[in-house]
Each structure stands twice: as C-alpha cells, then as structure tokens.
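Me: I would like to go through one structure by question and answer, starting with helix packing and ending with a pocket.

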Amino acid sequence: ADPALLTPRSPVVTIMGHVDHGKTTLLDKLRKTQVAAMEAGGITQHIGAFLVSLPSGEKITFLDTPGHAAFSAMRARGAQVTDIVILVVAADDGVMKQTVESIQHAKDAQVPIVLAINKCDKAGADPEKVKKELLAYDVVCEDYGGDVQAVHISALTGDNLMALAEATVALAEMLELKADSTGPVEGTVIESFTDKGRGPVTTAIIQRGTLRKGSILVAGKSWAKVRLMFDENGKTIHEACPSMPVGIVGWRDLPSAGDEILEVESEPRARAVVDWRKYELEQEKNKEDLKIIEEKRKEHQEAHQKAREKYGNIDWKERSFLKYQERKELKPLKAKEKEERDSHVLPIIIKGDVDGSVEAIVNIMDTYDASHECELELVHFGVGDVSENDVNLAETFRGVIYGFNVNVGNVIQKSAAKKGVKIKLHKIIYHLIEDLQEELSSRLPCTVEEHPIG
C-alpha cells in the first residue's frame with residue numbers, strides 16, 4: 001500500500017492464558033455482557049471476536065481464545081491475527097501449562113505482551129510471585145527493568161480494568177498501527193460454522209480495505225459473494241473497516257478457520273482461483289500416493305522373489321502339496337471370530353458446531369496410542385447438526401456418533417433408536433473425551449488372571 005493512504009486503525013487484541021484464569025470474565029466486564037454464563041461449564045470453546053468502545057472514544061477489537069489444552073491450534077491462530085496479546089495469569093494460581101504455551105504463541109508471532117494479573121482480590125493472591133515466575137520465560141515486567149506492562153486487576157469486581165485498557169491503548173499508540181482502507185479487501189477467517197437459515201457463515205477480521213455488500217471473496221477452497229454482514233451482536237452492518245470483526249454470509253462452501261480472505265474482481269475469477277487451488281491440492285496428493293504405490297510394489301516384488309526361492313528346487317508334486325497346506329491355513333474367519341474382531345474396533349463419527357472445535361477433537365483422536373488393544377476408527381467428521389446420513393453411516397459401520405455443541409432432531413433420534421445407533425451429545429470438550437475413553441474401555445477384552453492359592 002502507498003504510505004500516503006495509510007490511516008490509523010484500532011488494535012486487535014487477543015486475550016490468552018490458562019483455563020479458568022478469568023479471560024472470559026474479563027471480557028464480560030469490558031463489554032458488559034454475559035459470555036461465560038452462556039459458555040458450557042464456563043469454558044470458552046470458540047474464538048469470540050468483538051469490538052469494545054472505551055469511554056475515551058478509543059476502539060479495541062478483542063479476541064477471546066480458548067484456554068483448554070485441546071485448542072492450541074485455535075490459540076496459535078488467534079496470535080497470528082493480532083497486534084497485542086493480553087496474557088491473563090491468576091494471582092493465586094501462578095504460571096501454568098497453557099500460560100507458557102500462550103507466551104510461546106505470542107513469541108512465534110512476534111507480538112508484544114501486556115500482562116494482566118487477575119484475581120488480585122482473592123485471599124491467597126500473590127502478584128509478585130507471578131512476575132518472578134514469568135522471568136523464567138523471558139517475560140520481564142517493568143518493575144524488573146523490562147518492557148512488559150503489568151496491571152493488577154480483578155475481573156470479577158472490575159478493579160483496574162480501565163488501567164488495563166489504557167495500557168493496551170498506550171502500547172497500540174507506540175506500535176503506530178495503520179492500514180490501507182481503500183485497496184482490495186484482505187482478512188483472516190477466525191471461525192466458520194453452518195447456520196440453519198443462512199448457510200455457511202464465517203467470523204473474520206478485516207486487515208486491509210473496506211468490505212461492502214456484494215464484494216466477491218476467496219478463502220481457501222471456497223468463494224463468496226457477500227450477501228449480508230453483521231457485527232458480534234447480530235446487527236446488520238453495511239461496511240467493515242480494517243481491524244473490525246465481522247460475520248459474513250454468502251459462502252458457497254465452508255472455508256476452514258485460519259484461511260486468508262482475499263477480494264477478487266469478479267465471480268468467474270473467483271471460480272478460476274478456487275479450481276486452481278483444488279487442482280494444486282490434487283497434484284500434491286497424487287505425488288504422495290505415488291510414493292506409497294512405489295513402496296508397495298517393492299514389497300510385492302520381494303515377497304514374490306522369496307516365494308520363488310522357496311518353491312524353486314522341488315518337484316511339482318511337493319510344490320502343489322505345500323500350496324494346498326498354505327491355502328488350508330487361510331480359511332475365512334468364522335462368524336464368532338469375526339464378531340470378536342469387530343468388538344475391538346470403535347468406529348466413530350464426529351459432528352461439531354464450528355470448524356475449530358472439530359479440528360481440536362480430531363487432533364485429540366490423533367494422540368490415541370492404544371490401537372493394539374482397541375482400534376479407534378474415525379469414519380466421518382463434519383460441521384453442523386447430526387443428519388440422517390450420519391445415522392446411516394453409523395449403522396453400516398456399527399459406530400457411535402459424538403456431537404459437540406450440536407442438536408439432533410426428533411425424527412433423527414427416533415430413526416437412530418430404531419437402528420440401534422448411539423448418539424452422544426456433549427457441550428464440554430473434556431466430558432466428550434472422558435465419554436470416549438469409557439466407550440473404548442468397554443470394548444476391551446476381559447483379562448483373565450490366575451492366582452494359585454494352594
């Protein structure tokens with residue numbers, strides 16, 4: 001962009017920290033609404049993005065990232081979009097695992113940190129201890145001669161929140177954040193989900209240009225003609241400037257969270273871009289497949305070589321007898337054995353409300369390491385409510401459907417009951433994981449132990 005066109009923009013601030021250290025409560029106080037009460041069990045499981053106007057007339061865009069361990073990809077995404085990270089640490093709890101991880105994300109994205117020491121009104125609070133603990137992670141507060149501003153706050157009582165906002169604004173002024181609000185639109189998808197009446201919807205943050213109705217956007221492998229834009233309260237807006245969080249309706253498919261949004265000049269151009277991206281992906285996949293095919297072929301050749309050596313120097317009668325014996329061993333599995341084999345596999349289908357949570361759950365599946373005892377098979381995953389199709393899949397594979405923050409219609413519940421398909425719905429991520437562990441344990445074979453007594 002031409003430096004002459006740059007205009008000051010409001011900072012985008014991510015609030016990071018460990019689970020239950022009071023990130024969302026702090027945001028509630030800042031925007032005077034109740035998010036934490038709505039979030040199941042008081043844990044944030046989405047990235048929420050919204051604007052806060054301070055009494056001084058300054059505007060700040062806040063992103064609230066989840067603190068739970070499963071959502072590290074979402075947190076990293078939050079750090080990459082932002083200008084400033086507010087690190088929330090509870091004074092009574094000190095530095096925890098996700099606190100360290102958040103510092104790492106902020107460092108990787110080269111974003112300055114403002115430290116908010118929360119729960120200072122609690123009896124066992126020790127803010128100085130927190131500052132000392134943070135020294136080990138290269139976060140040096142101003143008291144110790146560093147450049148990180150530390151603000152003692154209490155999100156519950158609203159103590160010192162204005163001081164925190166002022167510290168953020170002061171840091172933003174030092175950074176001299178500017179953006180070009182005239183050029184083509186650029187932005188980042190923060191979260192995407194399917195809405196019943198509106199189809200695919202994305203929450204995005206605009207980083208350059210001004211988004212208007214009717215613009216044509218490309219993100220990942222999908223494109224959109226903007227039909228409708230709304231702010232975090234669901235009010236329709238007609239244009240979005242840089243640093244503004246905005247909901248966009250009009251996508252053809254769901255883009256993934258974290259995709260870059262770019263404006264193109266026309267629909268044919270958007271289609272061409274998307275087709276080209278899909279083609280690129282296909283080529284990549286073909287290359288990988290070729291490698292696998294080559295390896296398989298080598299294995300076959302070696303096996304064939306061995307077989308020839310084995311039968312090479314015996315006469316035809318012996319050879320046919322040996323082959324007959326081998327065939328005898330390869331008899332098909334009896335029904336009982338087949339059932340036993342099936343009971344050691346747990347096929348699952350996952351449906352989540354937004355792209356980010358499905359990603360987090362699938363990533364947890366990847367960490368499963370006991371497949372020799374009971375195999376975990378992911379049949380299908382997607383965004384949106386549980387559908388008839390999912391039930392049919394689960395029936396075919398004898399699987400279980402796990403829903404995260406989604407609903408199941410009455411008709412589908414009845415058909416699932418008829419087909420004997422289990423549907424398990426959860427609102428909190430670690431309940432879902434615990435449920436999955438129980439389901440896996442129930443499929444393990446019994447272990448027989450002998451204790452000779454005499």
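Reply: Contact here means heavy atoms within 4.5 Å. The model is predicted.

Me: How are helix 10 and helix 11 oriented to each other?
Reply: Their axes come within 10 Å and cross at roughly 10°. Angles under 35 degrees count as roughly parallel. Helix 10 and helix 11 are therefore roughly parallel.

Me: How are helix 6 and helix 7 oriented to each other?
Reply: The axes of helix 6 (residues 267-312) and helix 7 (residues 316-329) come within 10 Å and cross at roughly 130°. An angle over 145 would count as roughly antiparallel, and 65 to 115 as roughly perpendicular. Helix 6 and helix 7 are therefore oblique.

Me: How many charged residues are in the contact of helix 6 with helix 7?
Reply: K310, Y311 and G312 in helix 6 meet R319, L322, K323 and E326 in helix 7. By class, this contact has two nonpolar residues, one polar and, as charged residues, four.

Me: Where does the second largest pocket lie?
Reply: Its volume is about 360 Å³. Of the 18 lining residues, P8, R9, S10, P11 and K59 lie nearest the centre. Domain 1 (6-179) and domain 2 (186-265) both give residues to the lining, so the pocket lies between domain 1 and domain 2.

Me: Which element gives the largest share of the lining of the second largest pocket?
Reply: The lining has 18 residues, and by class these are nine nonpolar, four polar and five charged. Strand 1 (6-8) and helix 5 (161-175) are the elements that give two or more residues. The largest share, three residues, comes from helix 5.

Terms used. Residues numbered from 1 in each chain as written. Predicted model: local features only at pLDDT ≥ 70, side-chain atom pairs only at ≥ 80, totals over all residues. Heavy atoms only, no water. 1 Å grid on protein atoms, 1.4 Å probe; cavity = no way out; pocket = protein on both sides within 12 Å on 5 of 7 lines; lining within 4 Å. Points joined across faces, edges and corners; volume = space filled by probe spheres on them. Helix = DSSP H or I, 4+ residues; strand = E, 2+ residues; numbered from the N terminus. Nonpolar A, V, L, I, M, F, W, Y, C, P; charged D, E, K, R; others polar. Domains from an automatic or database assignment. Axes fitted to C-alpha atoms, helices over the stretch in contact; angles between N-to-C directions.
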